[in-house]
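This briefing concerns the strand pairing and the helix packing in the model shown below.

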Amino acid sequence: MDQQVLSEWNNPMPPLDTPAARTPHEVLTCYYQAMLDKSPDDLADLYTIDAVHEFPFSSPGFPPSFEGREAVRAGYRAAWGASPVQVAEVRRVAAYETADPEVIVAEHVVVGTLPTKATTFTVPGLLILHVRNGLIMRVRDYMDGLGVTSARN
């Protein structure tokens, strides 16, 4: 064996929850794609094991926060699985870098449809993502929960 192969054997593999370092913008793109796909697994895989996802605005059917990656997975699996809403588009309004390179603030509008209705609806939202080493540590998710509820009715 050559020296390069030997050195690969001596270096332990990084933990499975440590992805290649993604920028906060790249994480945001993955976040929006998980929303489009309604994939709780893809979304949860963006989080650290002990991440916190907060909902500062009261929203019917949602707790004030999810504590940990598996709570994010279970919470979104339940919410998205029970909802007939189909996300047709996530329009990025703006993404703002902050003085902290690990924080990004993003405005968006979710365009959705209901199979029972022939119209589309829009729901504005704002995310504050804290990203370290390519994983979300904390999210403050300011979604218009009342807009989601009224769209369903």
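In this predicted model, the bridge partner of Tyr47 in β6 is Ile136. Strands, and likewise helices, are DSSP runs numbered from the N terminus (strands: E, at least two residues; helices: H or I, at least four). Two strands count as paired if DSSP finds at least two bridges between them.

Because the model is predicted, local features need pLDDT of at least 70 and side-chain atom pairs count only at pLDDT 80 or more, whereas totals for chains, interfaces and linings use all residues. Residues are numbered from 1 along each chain as its sequence is written, and side-chain values use heavy atoms, leaving out hydrogens and water.

**Strand pairing**
- β1 and β6 pair in the parallel sense over four bridges.
- β1 (residues 47-54) also pairs with β2, in the antiparallel sense and over three bridges.
- His53 stands opposite Phe66 in β2.

**The sheet**
- Six strands form an open sheet with mixed pairing, in the order β2-β1-β6-β5-β4-β3.
- β2 (65-67) and β3 (86-97) are the edge strands; each has a single partner strand, so one side of each is left without a neighbour in the sheet.

**Helices across the sheet**
- Helix α2 (residues 24-37) lies across β1, β3, β4, β5 and β6, at about 165° to β3.
- Helix α4 (residues 69-82) lies across β1, β2 and β6, at about 55° to β1.
- Contact means heavy atoms within 4.5 Å.
- Angles run from 0 to 180 degrees between N-to-C directions, with axes fitted to C-alpha atoms, for helices over the stretch in contact.
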